Amino acid sequence: MRLDFHTHGKLAKKLPFSTAYTDWLFGEAKRAGLDALCLTEHFNTLQFADVYGYINSVSRRSGDALELENGLKIFPGMETDVAEGGHILSIGPLEAVLELNRRLKPHKEKGAFLPFAQLMDLFAEYPVVVGCGHPFRAPGHVPELPEEQLRRLQFLDLNGKDLALDRERTERLTYGLGKRLQIPVVSGSDTHQAVQYGCVATVFENACDTIPALYGEMRAGRYEIRLSGCAALQVRTACLLKRSLKEIHALGGDYVSILTQGATA
């Protein structure tokens, strides 16, 4: 099972949700060779509940995953900012993710983010697997937290964007922290647009569709991380694409129409 642990369903969190854009993303994910992905959408993205409401309406339940018509399985998740600086990934059943997001409503603006310890207390009430996204990307400070708090994490994200920018540093620091905490290191692209799919993937020996089974495979180490030979080019291109599409939107253009027409032309 080829899985991307860190993805987004929107171009940017402050832009309106577009079903056409999200459909295009998931179609491209499948074409990039993915069997499944964790949709770790920003917890304070505009229309968070609408994103999952739409996906739920066009998919069928397969364990804890939402399976689309093209066969792509989506594990619901969320990326949450913490007061100390840094991002925490949580993956779990749809209902748990939606309820967590509702409970985090008072903490979605900068200055109101929950401290790490309080956020982990909240996550502990739900059947979610919790890890740190791109732990060594500035201005994050999660690795500097007390050891007893860090040991509450269940996995680390060897982030595709960071790998593309500085592979040696990213691998050295992330694997080093994973070894110290004795938790799995898995990988995700961190993509907001389709070009970045496949720059890195976590390939499991066994397919699974429930969170306990997925975490069991992670803990057992029955997977390998595969980095694309053109990951750096994919990430650079994706960053350029994102900036360009956001500028089209800012100028009043329909970036979704331009993008999807270009993909089928």
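Predicted model: local features only at pLDDT ≥ 70, side-chain atom pairs only at ≥ 80, totals over all residues.
Residues are numbered from 1 along each chain as its sequence is written, and side-chain values use heavy atoms, with hydrogens and water left out.

L177 belongs to helix 7, where helices (H or I, at least four residues) and strands (E, at least two) are DSSP runs numbered from the N terminus. Not counting residues up to four places away in sequence, L177 touches F136, P143, L150 and L156, contact being defined as heavy atoms within 4.5 Å. L150 is 27 residues from L177 in sequence, and their C-alpha atoms are 9.6 Å apart in space.

## Helix 7

The 15 residues of helix 7 (residues 167-181) should span 21 Å at 1.5 Å a residue, and the end C-alpha atoms are 21 Å apart, which agrees; the expected span is 1.5 Å times one less than the number of residues. Buried in helix 7 are T170, T174, L177, G178 and L181. These residues cover an arc of only 100° around the axis, which puts them on the same side of helix 7, the arc being that of the directions from the helix axis to the C-beta atoms.

What covers these buried residues includes helix 5 (147-150), strand 8 (155-159), helix 6 (160-165) and strand 9 (185-188). Helix 7 is followed by Q182, whose phi is positive, near 60°.

## Helix 2 and its partners

In helix 2 (residues 48-57), the buried residues are F48, V51, Y52, Y54 and I55. Seen down the axis, they fall within an arc of 160°, so they line one face of helix 2. They pack against helix 1 (19-31), strand 2 (36-42), strand 4 (65-67), strand 5 (73-81) and helix 3 (94-103).

The contact between helix 2 and helix 3 brings F48, A49, Y52 and N56 of the former to L94, V97, L98 and N101 of the latter.

## H134

H134 lies in the loop between strand 7 (129-133) and helix 5, and at 8% relative accessibility H134 counts as buried. Leaving aside neighbours within four places in sequence, H134 is in contact with H6, E79, H87, D157, N159, D162 and D190.

Methods. Buried < 20%, exposed > 50% of the residue type's maximum accessible area, 1.4 Å probe, protein only.
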